[in-house]
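Biologist: I would like to learn how to read a structure feature by feature. Please give me the general idea each time, then the case at hand.

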Amino acid sequence: MSLILFAFVVRLRDGLPLSASTDFEHSRELQERKQQVRSISKALARFPDSRGTIKGQELNIYFASSEGVSYMTVCHHSLPVAKAFCFLEDLRWEFSACFSGSVVALADRPYPFLEFDGTIQKLKQQYNQSGGPALEVTLAEVQEDLKIRPPKIIDDLDEVLLSNGIGNGHVEQGPGSVQNVRLEPVTAPGILSLVLNILCAALNIIRGVHLVEYTLQDDYDGVWNIVAFVVAFVCCVLQCHLYLFHSARKKHKSFALLAVVVLCNLHLLGLRNAWQLLFHIAVASLSTFLTLTRKPQDRTNDCGV
């Protein structure tokens with residue numbers, strides 16, 4: 001039976017995954033612990049240059065952070081704590097020898113160092129077959145260090161997750177993290193939607209500008225028509241942005257923009273005929289549908305971890 005089941009390397013400041021071991025064993029608890037590892041990695045900035053243990057029923061999570069990188073592993077509870085941290089120490093030495101701090105800092109996509117998976121697999125195999133490091137002196141040094149600086153025992157996992165905006169396996173997207181989410185490629189209907197939205201935006205702003213001169217000279221009651229044109233223009237621009245870029249609460253924003261476009265066009269019923277109103281509302285509806293169906297890319301399928 002393997003004692004070290006999973007290893008994970010992440011950037012400390014934002015939890016960006018750098019490399020991970022390939023799965024060869026599958027169990028319900030292992031999958032749960034791996035999900036916890038990925039969630040916890042986003043909160044490890046609270047524990048810089050430290051070590052910690054999160055105990056489970058059969059599997060424990062261990063992590064060690066150093067020089068802006070955190071090394072995590074899921075191990076069977078029968079593996080001695082010193083050997084688990086010895087594995088992380090060896091993992092740290094191997095990773096530091098392959099990648100400099102500047103290279104890690106410049107990484108802008110998840111799992112940029114997948115080639116390191118081979119090194120992780122070899123290190124795991126060494127520990128799983130021999131039950132420890134190749135050099136006993138390494139184990140002795142780690143045992144001595146653990147006596148001086150014992151690892152932090154995390155009992156309340158939910159508190160750690162919630163303190164970093166993570167709960168029930170869901171990560172609340174913040175301004176920094178949203179920008180890192182990659183959406184599926186833009187489709188042909190998506191390009192058509194963008195073109196039509198830009199056309200609608202142009203029509204709205206042109207009609208609004210033309211209406212300003214007439215309204216200010218003769219009809220001050222028509223100010224609300226100008227407002228409706230300008231608001232509809234802004235909504236068209238925001239719909240384009242919402243389709244192109246990932247955003248938190250995308251569903252709520254999409255339906256809100258659609259509702260405003262519909263209300264603005266209903267207000268302009270006297271200035272537009274039924275076909276014009278139908279065209280603007282149809283474009284807004286198409287944009288909303290495509291925005292909601294454009295999903296983030298599934299990175300895990302590409303990474304094999």
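Modeller: Helix α2 (residues 81-98) lies across β1 (4-11), β2, β3, β4 and β5, and runs at about 140° to β5. Contact here means heavy atoms within 4.5 Å. Axes are lines fitted to C-alpha atoms, for helices over the stretch in contact, and angles run from 0 to 180 degrees between N-to-C directions. The names come from DSSP runs numbered from the N terminus: helices are H or I with at least four residues, strands are E with at least two.

Biologist: How far can I trust such details, and how are residues counted?

Modeller: This is a predicted model, in which local features need pLDDT of at least 70, side-chain atom pairs count only at pLDDT 80 or more, and totals for chains, interfaces and linings use all residues. Residues are numbered from 1 along each chain as its sequence is written, and side-chain values use heavy atoms, with hydrogens and water left out.

Biologist: Which strands does α4 lie across?

Modeller: Helix α4 lies across β1 and β2, at about 145° to β1.

Biologist: How do I read the sheet, and in what order do the strands come?

Modeller: Strands of a sheet pair through backbone hydrogen bonds, either parallel or antiparallel. Two strands count as paired if DSSP finds at least two bridges between them. Here six strands form an open sheet with mixed pairing, in the order β2-β1-β5-β4-β3-β6. Strands β2 (17-20) and β6 (152-153) stand at the edges with a single partner strand each, so one side of each has no neighbour in the sheet.

Biologist: How many bridges join β3 to β6?

Modeller: Two bridges join β3 (residues 51-54) to β6, and these strands run parallel. Gly 52 has Lys 152 in β6 as its bridge partner.

Biologist: Which residues have a positive phi although they are not glycines?

Modeller: Most residues other than glycine have a negative phi, and most peptide bonds are trans. Glu 67 has a positive phi of about 55°, and Tyr 111 also has a positive phi of about 55°. Glu 67 sits in the loop between β4 (59-66) and β5 (69-76). Tyr 111 is in the loop between α3 (101-106) and α4 (117-130).

Biologist: Is Glu 67 buried or exposed, and is Tyr 111 buried or exposed?

Modeller: Buried means under 20% relative accessible area, exposed over 50%, and partly exposed in between (1.4 Å probe, protein chains only). Glu 67 is exposed at 62%, whereas Tyr 111 is buried at 5%.

Biologist: How many salt bridges does a search of the whole structure find?

Modeller: A salt bridge is a side-chain nitrogen of Lys or Arg within 4 Å of a carboxyl oxygen of Asp or Glu. The search finds five. One of them joins Arg 11 and Asp 14, at 2.8 Å from N to O. Arg 11 is buried, with 5% relative accessibility, while Asp 14 is partly exposed at 30%.

Biologist: Where in a helix do such pairs sit?

Modeller: Arg 28 and Glu 32 are four residues apart in helix α1 (residues 28-40), which means a separation of about one helical turn. The closest N and O atoms of their salt bridge are 3.5 Å apart. Arg 28 is exposed at 70%, and Glu 32 is partly exposed at 42%. In helix α2, Glu 89 and Arg 92 are three residues apart, about one turn of the helix. Their side chains meet in a salt bridge of 2.8 Å, N to O. Glu 89 is partly exposed at 25%, and Arg 92 is buried at 17%.

Biologist: Which residues are linked in a network of salt bridges?

Modeller: Arg 51, Asp 145 and Arg 149 are linked in this way.

Biologist: Last, what does a buried helix residue look like?

Modeller: Take Val 261, found in helix α10. Val 261 is buried, with a relative accessible area of 3%. Leaving out residues up to four places away in sequence, Val 261 touches Cys 235, His 280 and Ala 284. Val 261 and Val 283 are 22 residues apart in sequence, and their C-alpha atoms are 9.9 Å apart in space.
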